[in-house]
Amino acid sequence: ERVPFFACGLSCVMHPRNPHCPTMHFNYRYFETDGGVWWFGGGTDITPAYLNEDDMRHFHGTYKEVCDRHDPEFYPKFKAWADKYFVISH
């Protein structure tokens with residue numbers, strides 16, 4: 001049976017053997033309706049076993065640069081959301 005939309009996604013997790021390399025995860029999605037509306041979404045996260053400040057500056061700096069090309073309000077908005085979403089409280 002035909003549905004009035006198309007959806008696809010890609011998710012990847014990298015678990016390096018070296019504990020000094022952070023685990024990385026990304027997922028990206030694409031949706032398209034028969035009415036011609038389309039949307040991309042997704043995100044990326046980094047989980048270091050040992051915190052390396054240079055790695056974190058590079059990761060966040062790269063995403064801020066990309067976000068700023070579209071809207072300077074994107075990065076602080078999405079960063080605040082991610083910080084709240086990815087917190088592990090004990």
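## Close-up views of a predicted model

View 1. Arg69 and Glu65 both sit in helix H1, 4 residues apart, which is about one turn of the helix. Their side chains meet in a salt bridge, 3.3 Å from N to O. Arg69 counts as exposed, at 60% relative accessibility. The model shown here is predicted. By the rule used, it holds 5 salt bridges.

**View 2. Asp54 and Arg57 form a salt bridge.** The closest N and O atoms of Asp54 and Arg57 are 2.6 Å apart. Asp54 and Arg57 are 3 residues apart in helix H1, so about one helical turn separates them. Asp54 is exposed, with a relative accessible area of 52%. Arg57 is exposed too, at 52%.

View 3. Asp83 is partly exposed, at 44% relative accessible area. Lys79 is partly exposed, at 26%.

**View 4. Three residues form a nonpolar surface patch.** They are Trp81, Tyr85 and Phe86, with about 400 Å² of accessible area together. Trp81 belongs to helix H2, residues 74–85. Trp81 is exposed, with a relative accessible area of 54%.

**View 5. The largest pocket has a volume of about 1,200 Å³.** Of its 31 lining residues, Gly42, Gly43, Thr44, Phe78 and Ala82 are the closest to the centre. Strands E2 and E3 and helices H1 and H2 each give two or more residues to the lining. E3 gives the largest share, 9 residues. By class, the lining has 18 nonpolar, 9 polar and 4 charged residues.

How values were computed:
Residues are numbered from 1 along each chain as its sequence is written. This is a predicted model: local features need pLDDT of at least 70, side-chain atom pairs count only at pLDDT 80 or more; totals for chains, interfaces and linings use all residues. Side-chain values use heavy atoms; hydrogens and water are left out. Patches are made of residues with over 30% relative accessible area and no salt bridge: like charges are joined within 9 Å, nonpolar side chains (Val, Leu, Ile, Met, Phe, Trp, Tyr) within 5 Å. Accessible areas come from the Shrake-Rupley method with a 1.4 Å probe; for residues, only the protein chains shown count as cover. A salt bridge is a side-chain nitrogen of Lys or Arg within 4 Å of a carboxyl oxygen of Asp or Glu. Buried means under 20% relative accessible area, exposed over 50%, partly exposed in between (1.4 Å probe, protein chains only). On a 1 Å grid over the protein atoms alone, a cavity is a set of points where a 1.4 Å probe fits but cannot get out, and a pocket is an open set with protein on both sides within 12 Å along at least five of seven lines; lining residues have an atom within 4 Å of a point. Grid points are joined across faces, edges and corners, and a volume is the space filled by probe spheres set on the points. Ala, Val, Leu, Ile, Met, Phe, Trp, Tyr, Cys and Pro count as nonpolar, Asp, Glu, Lys and Arg as charged, and the others, Gly among them, as polar.
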